[in-house]
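Thanks, everyone, for making time this morning. I would like to walk you slowly through one structure, so please keep the display in view while I talk.

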Amino acid sequence: MNQSTTDISFRRIQQLAIPAIIAGIAEPVLSSTDAAVVGNIPVNGTEALAAVGIVGSFLSMLIWILAQTRAAISSIVSQNLGAGKIDELRSFPAQAIYFNIGLSILVLVGTYAFVEEIFRLLNASGEILKLSLEYYDIRVWGFPFTLFTFAVFGIFRGLQNTFWPMIIAATGAVMNIGLDFLLVYGLQDLIPPMGIKGAAWASLMSQLVMALMSMILLLKKTQISLRLQFPLHPEIKRLVYMSFNLFIRSLALNAALMLAVREATYLGTKYIAAHAIAINLWLFAAFFLDGYGAAGNILGGKLKGAGQFKALLTVSKRVNGYNQVVAAILIIFGIILYKPLGLLFNKDPEVLAVFNDMFYLALISLPICAFAFTFDSIFKGLGEMKYLRNVLLGATLIGFIPSLYLFKYLGWGIQGIWLSIIVWIGYRAVALIVRFSQKYVPLARNSS
């Protein structure tokens with residue numbers, strides 16, 4: 001056991017959390033910018049917005065499922081760092097990165113041929129289906145680049161560094177915004193307007209640049225090599241086990257999100273367009289909240305490795321408190337900018353009317369999200385992947401799905417969908433708080 005003290009001061013938490021917040025909100029910016037820009041195309045803007053919402057939800061599902069290896073990598077690296085065994089981990093990072101790339105290629109090949117059927121299952125048809133396929137056929141090739149980038153982010157996080165992931169993510173986000181306007185609307189006679197295809201190319205090029213930056217910074221700022229060495233490191237077995245549990249967890253998580261998209265699409269074009277706006281804003285807030293969760297994740301893994309459970313309890317209280325403040329600030333901004341936020345994405349009065357009638361539910365969910373996402377990140381750092389899997393399965397099968405179809409039966413429409421999301425998040429928050437109180441609070445009290 002490593003008895004060295006881990007810095008858990010206010011300043012240290014901010015040093016980890018603020019760059020993680022910037023890096024985190026950069027991730028949904030890729031989809032949110034696409035949605036905002038194409039939603040304002042003069043012709044078929046509402047249909048294009050709906051298509052981006054459908055494709056963005058599907059790709060986010062795939063990315064979130066496989067990107068869970070980032071959390072597993074971070075947990076393993078941080079725990080070994082806390083235990084003073086980081087030098088024994090030399091061959092692990094490269095093996096973990098190639099594991100991630102291999103998974104992304106398998107999933108890409110396995111889903112590409114069936115994507116039209118998948119979009120039809122999500123109730124896409126006619127012009128929306130056509131635009132969805134056009135957007136997907138370009139943007140999907142950024143998938144392996146994103147998975148490579150996330151694996152590198154996991155390594156940096158495990159090494160207690162959120163600065164370089166921030167630089168990479170912020171660069172990608174800024175580039176994506178600029179390219180979206182340039183390629184979607186065109187530039188006079190120099191670049192013809194490409195519509196929704198331009199948004200897809202903007203995302204793909206941004207993802208490529210982020211992957212290249214990740215590779216360069218990993219090689220220059222750490223002693224890690226990308227040369228694949230054998231035999232497999234013993235921690236690879238734990239990585240696979242942790243990742244498998246997180247894959248199952250993410251399937252349950254994304255089943256809920258995709259069912260929400262399906263039911264919103266079933267209600268009609270204006271409803272899926274409004275849902276696309278709300279879900280993009282909600283995901284933006286979720287990744288914003290994940291910043292302090294990342295600090296808990298990074299410090300939690302190291303503290304567990306060092307056996308410092310009293311400090312772990314202190315960190316959990318602090319990051320949860322900070323995140324409640326962040327949630328309150330986000331709610332205030334959401335109230336002040338309630339109608340302008342909708343106008344940012346779309347000008348159709350019918351879409352905006354639906355959005356204005358239900359967006360308050362997304363705002364109400366944020367304090368609950370703060371607890372759920374913070375403890376979720378802490379538990380990932382602690383390596384509690386099996387419990388996280390069971391929580392998401394319960395939240396989806398016991399909480400979300402029965403609520404969704406009960407509210408549908410009652411005729412509550414889009415508001416019923418978002419009330420189901422609140423039930424889903426609430427289940428997760430309560431389950432994680434109870435588990436932490438039962439397992440880690442006693443360890444903190446009994447530690448010397």
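Predicted model: local features only at pLDDT ≥ 70, side-chain atom pairs only at ≥ 80, totals over all residues.

The side chain of Thr149 reaches the backbone oxygen of Phe145, and the distance between them is 2.9 Å. Thr149 belongs to helix α7, and because buried means under 20% relative accessible area, Thr149 with its 2% counts as buried. If we set aside the neighbours within four places in sequence, Thr149 is in contact with Ile168, Met210, Ala211 and Ser214.

How do the axes of α4 and α7 cross? Helix α4, which covers residues 92-112, and helix α7, which covers residues 143-158, have axes that come within 9 Å and cross at roughly 155°. Angles over 145 degrees count as roughly antiparallel, and therefore α4 and α7 are described as roughly antiparallel to each other. The crossing in which α4 passes α7 is right-handed.

Which residues of α4 and α7 meet? On the α4 side they are Pro93, Ile97, Asn100, Ile101, Ser104, Val107 and Leu108, and on the α7 side they are Phe143, Pro144, Leu147, Phe148, Ala151, Val152 and Ile155. Sorted by class, this contact of α4 with α7 has 12 nonpolar and 2 polar residues, and no charged ones.

Now for the loops, where two details of the backbone deserve a careful look. In the loop between α7 and α8, the latter being residues 163-185, you will find Gln160. The phi angle of Gln160 is near 70°, which is a positive value in a residue other than glycine. Is Gln160 buried or exposed? Its relative accessibility is 11%, so Gln160 counts as buried.

The other detail concerns a peptide bond, namely the one that joins Phe230 and Pro231, which is cis, with omega at about 5°. Pro231 sits in the loop between α9, residues 196-221, and α10, residues 234-267.

When residues up to four places away in sequence are not counted, Ser403 touches Ser420 and Val423.

I will stop there and gladly take your questions.

Technical notes: Residues numbered from 1 in each chain as written. Heavy atoms only, no water. Axes fitted to C-alpha atoms, helices over the stretch in contact; angles between N-to-C directions. Helix = DSSP H or I, 4+ residues; strand = E, 2+ residues; numbered from the N terminus. Parallel < 35°, antiparallel > 145°, perpendicular 65-115°, else oblique. Left-handed = near helix turned anticlockwise from the far one by under 90°. Contact = heavy atoms within 4.5 Å. Nonpolar A, V, L, I, M, F, W, Y, C, P; charged D, E, K, R; others polar. Buried < 20%, exposed > 50% of the residue type's maximum accessible area, 1.4 Å probe, protein only. Polar contact = N/O pair within 3.5 Å; in protein donor to acceptor, adjacent residues only side chain to side chain.
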